Amino acid sequence: MGKFSWVVLLLVFLALPGCGGGTSPNATGSPAAETRARPTRAEPVRLIAFVGSASKPPAQEAKAAYEKQNPGVTVDMTFGGSGTLLQQMTLEKTGDIYMPGSDDYMDKAEAKEAVIPGTRAIVAYLVPMICVQKGNPKGITGLADLARPGLTVGLAEAGAVCLGDVSAQSLENAGLLAAVRKNVITYARSCEQTQQLVQLGEVDAVIGWDAFQQWAPDKIDVVPIPLEYARPRTIPVAISVYSTHRGAAQRFVDFLTSTEGKAIFSKHGYSVEPPPG
Amino acid sequence: MAPAVRATGRNRTALAVATLLALPLLIYLLAPIIGLLARTTPHIWRSYACCWEAATALKLSLITASIALVVSVIIGTPVAYWLAHYTFRGKSVVDTVIDLPLVLPPSAAGFALLLLFGSQGIGSWLLQHGLRISLTPLAVVMAQVFIASPFYVKQARAGFEAVPAELRLASATLGAGPARTFFRVTAPLASHALLAGAVMAWARALGEFGATLVFAGAFPGRTETMPIAIYTASTTNLPASIALATTLVVVSFAVLLVARALLERRVRPLAGG
């Protein structure tokens, strides 16, 4: 027993020095300590942001750029499903910024009074598209093709995922819902799952967001859906009611929605301007 | 000579049959891992897994899982010993309590921990005294202990139960106190089971995802362990996620293999003597 414990401890210590370098900037001080600290201009400010996991790559880049321009400001980000994040934020009464993956979660956050009214801003737009295998081997040109016999289609589940409601609405607007449902072999429970269905070749097509293509550029091609059928949604951001650094939080939100912030999201495949029409 | 040869022949046949029967599960367990490895070309690995982020997540995972293991051993051994050597009313209830984390979906466990140790529970009192548990590395370790410690306790208990009572009695008769009997007789004899349990618990802690994500969040560098990094990467970047998963598999496989080899060599003389 004794010897065994020593080996484990040894393992821990072997790993420790290397870890110090990586984690020490964040490891010092718990989020609580920061949120309770009075925000004065000279004191370092630490913001906590709850960010939908699909936005992780651009969000981290934006964080790095912002921290570089604003010494003394740290933006700590945690990632996950938008619903889980909202739960964590409201249960823990902590956090400065909420940035879910789609606007329906922001509606929920507003209904729960978890974000400050009037602070909601749009970071990027999510434009519904038909996502197909790279090279479009099935020759899909529009929604009507999804009803073609023999084609396999995946949809996000309406009622469970924002994308599901959008897909169902677009198909209904096009008068194709019943016909396409015959080809649907699976309903996905998240946007990411929907994207993976087509990326892994499980289905011929899904209705997804334009950004899906950028997540797997060598696996996915997109076919536009006419805007009269599909209403674009947004990636919103707002300041949490639990924020103790409202000024600093607002400045970071302003950065996200600035030309520079939008350029970062654009680089990662997101539409940052409302689609024409 | 002849009977011996026949016996060996029979043994060989038995071995062949046993191996054949063992193969389906082994192949089923190995095939997805091999598929994962096959998809991780050196190019993919270099472009996604050798970055700072992956190294940080891996280190965080190894450290937290090891601390979780030490904690599980320290607080789990008494429970295992107690269950193995004493009968009392409500023992089956205690037994079932140990099983609870095994049946509870990890994310539900995460919410349970969050509600108890977060601002809704005793966390608010701790917060007033300057200690935050939820959404910190401490929460990572606590989630891992909650999920992984039953694996250690169950094995350790079986190990303690297998130690003959006469040996403990003999030790006591020879004048050894309970502590000395435990450390010189019971623990060494049960060492194989304790080890097996420790390995299981460490592995389970290393792979812990759901409870950690909910209770500790996914702050890169602080609470984003390897399984969480694999998950967040998978949402937008599947190759990165696969490369991270391969890294975790290779590293944990190596650590487990080395740990087993090292510890068994140290334990055998003890157990044998």
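Lys93(A) is located in the loop that runs between α4 (82-92) and β3 of chain A. Its phi is positive, at about 50 degrees, although the residue is not a glycine. Most residues other than glycine have a negative phi. A positive phi also occurs in chain B, at Leu135(B), with a value of about 60 degrees; Leu135(B) is likewise not a glycine. Leu135(B) lies in a loop as well, between α6 (123-128) and α7 of chain B. Leu135(B) is buried, because 31 other C-beta atoms are found within 10 Å.

Chain A contains 11 helices and 10 strands. Of its 277 residues, 47% count as buried. Contacts in chain A between residues at least 6 apart in sequence join, in 77% of cases, residues at least 24 apart.

Confidence was examined along chain A. The mean pLDDT of the chain is 84, and 84% of its residues reach 70 or more. Among the elements of chain A, the highest mean pLDDT, 97, belongs to strand β3 (residues 97-99), and the lowest, 40, to helix α1 (residues 2-27). Over residues 1-40 of chain A the pLDDT stays under 50, and for this stretch the model has 63 contacts beyond four places in sequence. Where pLDDT is low, the predicted coordinates should not be read in detail.

One open sheet of chain A consists of 5 strands in the order β2-β1-β3-β10-β4, and its pairing is mixed. On the pairing of β3(A) with β10(A), the strands run antiparallel and are joined by 2 bridges; here Ile97(A) stands opposite Ile239(A) in β10(A). Strand β10(A) also pairs with β4(A), in the antiparallel sense and over 5 bridges. In that pairing, Val237(A) in β10(A) is the bridge partner of Ala121(A). Strand β10(A) is mostly covered, with 6 of its 7 residues buried. Helix α10 (residues 246-256) of chain A lies across β1, β2, β3, β4 and β10 (233-239) of chain A and runs at about 155 degrees to β10(A).

A further open sheet of chain A has 5 strands in the order β7-β6-β8-β5-β9, again with mixed pairing. Its edge strands are β7 (184-188) and β9 (220-224) of chain A, each of which pairs on one side only. From one strand to the next, the twist averages 35 degrees. Strand β5 (residues 128-133) of chain A and strand β8 (residues 205-209) of chain A run antiparallel and are joined by 5 bridges. In β8(A), the residue opposite Cys131(A) is Val206(A). Helix α8 (residues 191-199) of chain A packs on this sheet, where it touches β5, β6, β7, β8 and β9 of chain A; the direction of the helix makes about 140 degrees with that of β8(A). Helix α6 (residues 162-173) of chain A lies across β5, β6 (153-156) and β8 of chain A, and runs at about 120 degrees to β6(A).

In chain B, helix α5 (residues 106-117) packs with helix α7 (residues 137-161) at an angle of about 125 degrees, the axes being 11 Å apart. That angle makes α5(B) oblique to α7(B). The crossing of α5(B) and α7(B) is right-handed. On the side of α5(B), the contact is made by Pro106(B), Ala109(B), Gly110(B) and Leu113(B); on the side of α7(B), it is made by Met142(B), Ala143(B), Phe146(B) and Ile147(B).

How values were computed:
Residues are numbered from 1 along each chain as its sequence is written. Chains are lettered from A and ligands numbered from 1 in the order in which they are written. This is a predicted model: local features need pLDDT of at least 70, side-chain atom pairs count only at pLDDT 80 or more; totals for chains, interfaces and linings use all residues. Helices (H or I, at least four residues) and strands (E, at least two) are DSSP runs, numbered from the N terminus. A residue is buried if 20 or more other C-beta atoms lie within 10 Å of its own, exposed if 12 or fewer, and partly exposed in between; C-beta atoms are placed from the backbone. Two residues are in contact if their C-beta atoms, placed from the backbone, lie within 7 Å. Two strands pair if DSSP finds at least two bridges between them. Axes are lines fitted to C-alpha atoms, for helices over the stretch in contact, and angles run from 0 to 180 degrees between N-to-C directions. pLDDT is the predictor's confidence in each residue, from 0 to 100. Angles under 35 degrees count as roughly parallel, over 145 as roughly antiparallel, 65 to 115 as roughly perpendicular and the rest as oblique. A crossing is left-handed if the near helix is turned anticlockwise from the far one by less than a right angle, and right-handed if clockwise.
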